[in-house]
Amino acid sequence: MEIDWINFTPFASLLGGIILGLASALMLILFGRIMGISGIIGTALDRPKGDTLWRAVFIAGLISSAVIFAPFVDVSRTAPNETNVWLIVLAGLLVGYGTRLGSGCTSGHGICGISRLSARSFVATGVFMTSGILTVVIMQFLL
Amino acid sequence: MKQNHHYLYKFLLGLMFGLGLIISGMIYPTKVIGFLNIFGLWDPSLAFVMLGGIAVYTLLHFLHIKKVDTLLGYSKSFPLKKHLDKKLIAGATLFGIGWGLVGYCPGPALVSFGTLGFEAVVFVLAMLGGMTLFKLTSK
């Protein structure tokens, strides 16, 4: 293991993490809900009556953030290194299907669930981190 | 369910969550891959994202845990499942593979979708497809 000092941003990342924690905690304190992005989108696809529009509004806020906070966004870096469209489609399918099957993603399990000391979230986070690491290792080996 | 859904607050919460993803660097797929690349040139930044997020959420969660209702009067709604099952493990495994392939998880993918980058748009459409596939096959 070798540390990538050039790209290492401990302070910005910590600050960003604090904002994520605050936004997630506000979702709890104001609305009594878990801030889980995959759950908010996935449930919206079922279009439950009276429980869909707020999800769309929340997602609209999330999508607008890159436009409203454009000065903070380095647009040249928002695209992945991966350019194979079919691989991107495959990755999107896996993330969509997997987060629904596993009841959560980085936000719901990784931040909220771990903080709530949920055993399911500890396991899920360990598992997706591990499979993510192995995928990166394998992809680098293949390239 | 209350009549007033406080839509403006919901929009602002989405915006704030997006700001956190932007400031933290989570919206940059190469940074995410750099974090997962622990056996190569490793960028530990995203561990600091989790540290900040978990520290703040843990504190506020436990300060708020005894309250039955929220500040806006909604009742709390928490995940009910407590036990580990195969679905959790299989789902997290598949999610991790997709995450490691490109470097987008759902939140950052949606933020990048807002910049209308080709890859982000393709990814988000495929992600919605994957969620729809789950919905169709799980009934």
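**Burial and backbone angles in a predicted model**

In this predicted model, chain A runs along its sequence in the pattern β-α-α-α-α-α-α. Its secondary structure amounts to six helices and one strand.

Me: Why is A:Ser103 called buried?
Reply: A residue is buried if 20 or more other C-beta atoms lie within 10 Å of its own. A:Ser103 has 23 other C-beta atoms within 10 Å, and is therefore buried. A:Ser103 is located in the loop between α4 (85-101) and α5 (106-115) of chain A.

Me: What makes the phi of A:Ser103 worth a remark?
Reply: Most residues other than glycine have a negative phi. A:Ser103 is not a glycine, yet its phi is positive, at about 55°.

Me: Why is B:Leu116 called partly exposed?
Reply: The term applies between the two cut-offs, 12 or fewer for exposed and 20 or more for buried. B:Leu116 has 13 C-beta neighbours inside 10 Å, so it counts as partly exposed. B:Leu116 sits in the loop between α5 (106-113) and α6 (118-137) of chain B, and its phi is positive, near 60°.

Me: How do you know that helix α2 of chain B is mostly covered?
Reply: Of the eight residues in this helix (residues 29-36), seven are buried. They are B:Pro29, B:Lys31, B:Val32, B:Ile33, B:Gly34, B:Phe35 and B:Leu36.

Me: What covers the buried residues of α2(B)?
Reply: The cover includes α6 (119-142) of chain A, as well as α3 (45-64) and α4 (86-102) of chain B.

Me: What percentage of the residues in chain A are buried?
Reply: Of the 143 residues in chain A, 53% are buried.

Definitions and conventions. Residues numbered from 1 in each chain as written. Chains lettered and ligands numbered in written order. Predicted model: local features only at pLDDT ≥ 70, side-chain atom pairs only at ≥ 80, totals over all residues. Helix = DSSP H or I, 4+ residues; strand = E, 2+ residues; numbered from the N terminus. Contact = placed C-beta atoms within 7 Å.
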